[in-house]
Amino acid sequence: MKTIVFANPKGGVGKSTIAALFVEWCDHNNISVKTVDGDPNQTFNTWCLYRAKEGRPIPEVKGTTELTIVDTAGTSNSALSWLNKADLVITPFKPNFADLDLTVQWFQTLNSSLQSKLLFVPNMTGQASEHVYGMDEIEKITTETGYGVVLSKYALKNRDAVYPEVLKGLPNNFFALGSKFKNAQTEFSALAKAILKHGNKLAQA
Ligand SMILES: Nc1ncnc2c1ncn2[C@@H]1O[C@H](COP(=O)(O)OP(=O)(O)O)[C@@H](O)[C@H]1O
Ligand SMILES: [Mg+2]
């Protein structure tokens, strides 16, 4: 069983949204998952409840769960204990000036074994000059430490009409929704595949 932990002490970078979308994607692709919410605010658990209320509970797993998806707040004790169990750490970040310091400082406090399991995912990208600055900053820190990967080709765009819908609990699977969601579905599917590919690569190393 593989454990994927979403972490970044910076709030509002998309951890819960991307964790939820990843669960939706797994569901859509018949990959069995278990969900764990390590954030005291319980955003992820609440989303699971909303889903269940829409008639879409997380499917009961028969046999072995393929993936355990853990959302965290990044700094709490429970986040740290989940990080120590992680096979893969997903760190969404907003590539802009104001948001990166905390993320970079936190990354530097992690041991190299954890750093080597970490994938940075650019989220809510859009503004040109800030974007370049933010991407450079994260690329620099992974190059300097020699650990961590930036999934720069799989950034999620800022899509105010689409992504904020997710945590409200959709009546249907996100990947089965109509044309308004097409670009986001394509964008996220590519990211999800990249995440699994990196996970498999790490497992083989
Ligand atoms: N790519 C995106 N485009 C637009 N809004 C987004 C995007 N990703 C996340 N959001 C919104 O940003 C807010 C914070 O996201 P959330 O997943 O709760 O962050 P975190 O869990 O890191 O605190 C939410 O309102 C969410 O809907
Ligand atoms: Mg959250």
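**Loop, sheet and ligand: a working chat**

Me: Where does Asn30 sit?
Reply: Asn30 is in the loop between helix H1 (15-28) and E2. Helices (H or I, at least four residues) and strands (E, at least two) are DSSP runs, numbered from the N terminus.

Me: What kind of model is this, and how is it numbered?
Reply: It is a predicted model, in which local features need pLDDT of at least 70 and side-chain atom pairs count only at pLDDT 80 or more, while totals for chains, interfaces and linings use all residues. Residues are numbered from 1 along each chain as its sequence is written, chains are lettered from A and ligands numbered from 1 in the order in which they are written, and side-chain values use heavy atoms, with hydrogens and water left out.

Me: Back to Asn30. What is its phi?
Reply: Asn30 has a positive phi, about 55 degrees, although it is not a glycine. Most residues other than glycine have a negative phi.

Me: Is Asn30 buried or exposed?
Reply: Asn30 counts as exposed, at 70% relative accessibility. The cut-offs: buried is under 20% relative accessible area, exposed is over 50%, and partly exposed is in between (1.4 Å probe, protein chains only).

Me: Which residue other than glycine also has phi near 55 degrees, a positive value?
Reply: Met124 does. Met124 is found in the loop between E5 and helix H6 (128-145). Its relative accessible area is 27%, so Met124 is partly exposed.

Me: New topic. What is the strand order of the sheet?
Reply: E2-E3-E1-E4-E5-E6, an open sheet of 6 strands with parallel pairing. The edge strands are E2 (33-37) and E6 (149-150), each pairing on one side only. Two strands pair if DSSP finds at least two bridges between them.

Me: What packs on the sheet and touches E2?
Reply: Helix H2 (residues 43-53) touches E2 and strand E3 (67-71). Its direction makes about 130 degrees with that of E2. Contact means heavy atoms within 4.5 Å. Axes are lines fitted to C-alpha atoms, for helices over the stretch in contact, and angles run from 0 to 180 degrees between N-to-C directions.

Me: What about helix H3? Which strands does it lie across?
Reply: H3 (residues 77-85) lies across strand E1 (2-6), E2, E3 and E4. It runs at about 140 degrees to E1.

Me: How many bridges join E2 to E3?
Reply: 5, and the strands run parallel. Asp37 stands opposite Asp71 in E3. E1 and E3 also pair in the parallel sense over 5 bridges, and Thr3 stands opposite Thr68 in E3.

Me: How many of the residues of E3 are buried?
Reply: 5 of its 5 residues. Both faces are covered: Leu67, Ile69 and Asp71 on one side, Thr68 and Val70 on the other.

Me: Why is E4 largely enclosed by the rest of the structure?
Reply: Because 6 of the 6 residues of E4 are buried. One side has Leu88, Ile90 and Pro92, and the other has Val89, Thr91 and Phe93.

Me: How many bridges does E4 share with E5?
Reply: E4 (residues 88-93) and E5 (residues 118-122) pair in the parallel sense over 5 bridges. Pro92 has Val121 as its bridge partner in E5, and Thr91 has Phe120. E1 and E4 pair in the parallel sense over 3 bridges, with Leu88 in E4 the partner of Ile4.

Me: Now the ligand. Which residues come nearest to ligand 1?
Reply: Of the 16 residues around ligand 1, Gly12, Lys15, Thr17, Asn123 and Lys157 come nearest. A residue is near a molecule or strand if one of its heavy atoms lies within 4 Å of it.

Me: Which backbone atoms lie by an oxygen atom of ligand 1?
Reply: A backbone N or O atom of Val13, at 3.1 Å from a ligand oxygen. A polar backbone atom of Ser16 is 2.9 Å from an oxygen atom of ligand 1.

Me: And which side chain lies by a nitrogen atom of ligand 1?
Reply: Asn158, whose polar side-chain atom lies 3.4 Å from a nitrogen atom of ligand 1. A polar contact is a pair of N or O atoms within 3.5 Å; within protein, one must be able to donate a hydrogen and the other to accept it, and residues adjacent in sequence count only if both atoms are side-chain atoms.

Me: How much of ligand 1 does the protein cover?
Reply: 79% of the 570 Å² of accessible area that ligand 1 has on its own. Accessible areas come from the Shrake-Rupley method with a 1.4 Å probe; for residues, only the protein chains shown count as cover.

Me: Last one. What is His28 in contact with, leaving aside its neighbours within four places in sequence?
Reply: Asn173, Phe175 and Ala176. His28 is in helix H1 and counts as partly exposed, at 39% relative accessibility.
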